[in-house]
Amino acid sequence: IPVTGKIRLGWDSDTLNYPLIARIIEENGGALLAVHGRTRSQAYSGEADWDAIAQIKQMLSIPVIANGDVSNVKDIDRIKTHTRCDGVMIGRAAMGNPWIFSRLDLPQVTQEMVQEMIAEHLSQMLSFYGEDIGLILFRKHASRYLNLLPLTPAKRRAVLTADQPVEFLHLIGLSQL
């Protein structure tokens, strides 16, 4: 089974150890490396360093996946061109926007597509976690989807506090799962 790794550029700006860590991963059998273009201390703030990702790609013979500051379709193309990476990893930007994997930006996503995704995602959560906890756990995902629907604050609150999946779906204009 291939073993892959994911790294950041280092702990902080004084400890940028990514060239060493990338090389160690490759030399010890790593089949692929995903690189988040920030340090640990940056967390998700500041700009991702795509130049560092490009440097790693040039150093290694294994595939390199670029990660960081990819939030729309244009960013996917830009990071691939800039880094010459073999692929792109999308993290937080995919939350509430799974359409990015189909290369659709949010303005291209219709209200019907959002409703269908909510119904499908909720159905999967209920199937996996059960009806009691599935709806509760789904709320954190739903809150992002709901940003794409024309809801008043009161309606949004009612949706996110619905006790039953049927009620939840009814409040967003769907009749059933």
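Helices (H or I, at least four residues) and strands (E, at least two) are DSSP runs, numbered from the N terminus. With those labels in hand, let's take a walk through the structure.

This is a predicted model, where local features need pLDDT of at least 70, side-chain atom pairs count only at pLDDT 80 or more, and totals for chains, interfaces and linings use all residues. Residues are numbered from 1 along each chain as its sequence is written, and side-chain values use heavy atoms, with hydrogens and water left out.

Start with Thr39, which sits in the loop between β2 and α2. Thr39 is buried, with a relative accessible area of 5%; buried means under 20% relative accessible area, exposed over 50%, and partly exposed in between, with a 1.4 Å probe and protein chains only. Contact means heavy atoms within 4.5 Å. Not counting residues up to four places away in sequence, Thr39 touches Arg8, Leu9, Gly10, Trp11, Asp12, Ser13 and Leu16.

Ala43 belongs to the loop between β2 (32-36) and α2 (50-59) as well. Ala43 is partly exposed, at 31% relative accessibility, and its phi is a positive value near 55°, in a residue other than glycine. As background, most residues other than glycine have a negative phi.

**Helix α1 and its cover**

Which residues of helix α1 are buried? In this helix (residues 18-27), they are Tyr18, Ala22, Ile25 and Glu26. They cover an arc of only 95° around the axis, so they sit on the same side of α1; the arc is that of the directions from the helix axis to the C-beta atoms. After α1 comes Gly29, with a positive phi near 95°.

β1 and β2 pair in the parallel sense over 4 bridges; two strands count as paired if DSSP finds at least two bridges between them. β2 is mostly covered, with 4 of its 5 residues buried.

Leu32 lies in strand β2 and counts as partly exposed, at 23% relative accessibility. Leaving aside neighbours within four places in sequence, Leu32 is in contact with Val3, Thr4, Gly5, Ile62, Pro63 and Ile65.

Val88 is in strand β4 (residues 87-89) and is partly exposed too, at 26% relative accessibility. Val88 and Ala34 are 54 residues apart in sequence and 8.5 Å apart in space, C-alpha to C-alpha. Beyond its neighbours within four places in sequence, Val88 is in contact with Ile65, Ala66, Val70, Ile76, Ile79 and Lys80.

**Salt bridges**

How many salt bridges does the structure hold? There are 5, a salt bridge being a side-chain nitrogen of Lys or Arg within 4 Å of a carboxyl oxygen of Asp or Glu. Here are some of them:

| Pair | N to O distance |
|---|---|
| Arg23 and Glu26 | 3.1 Å |
| Arg38 and Asp69 | 2.3 Å |
| Asp75 and Arg78 | 2.7 Å |

The Arg38 and Asp69 salt bridge links distant parts of the chain: Arg38 is in the loop between β2 and α2, Asp69 in the loop between β3 and α3, 31 residues apart. Arg38 is buried, with a relative accessible area of 1%, whereas Asp69 is partly exposed at 31%. Asp69 also has a positive phi, near 60°, in a residue other than glycine.

Arg23 and Glu26 both lie in helix α1, 3 residues apart, about one turn of the helix. Arg23 is partly exposed at 29% relative accessibility, while Glu26 is buried at 15%. Asp75 and Arg78 both lie in helix α3, again 3 residues apart, about one turn. Asp75 is buried at 8% relative accessibility, and Arg78 is partly exposed with a relative accessible area of 42%.

**A nonpolar patch**

Finally, Phe128, Tyr129, Ile133, Ile136 and Leu137 form a nonpolar patch on the surface, with about 490 Å² of accessible area together. Patches are made of residues with over 30% relative accessible area and no salt bridge, with like charges joined within 9 Å and nonpolar side chains (Val, Leu, Ile, Met, Phe, Trp, Tyr) within 5 Å; the areas come from the Shrake-Rupley method with a 1.4 Å probe, and for residues only the protein chains shown count as cover. α4 (111-129) and α5 (131-146) each supply at least two residues, and the largest share, 3 residues, comes from α5.
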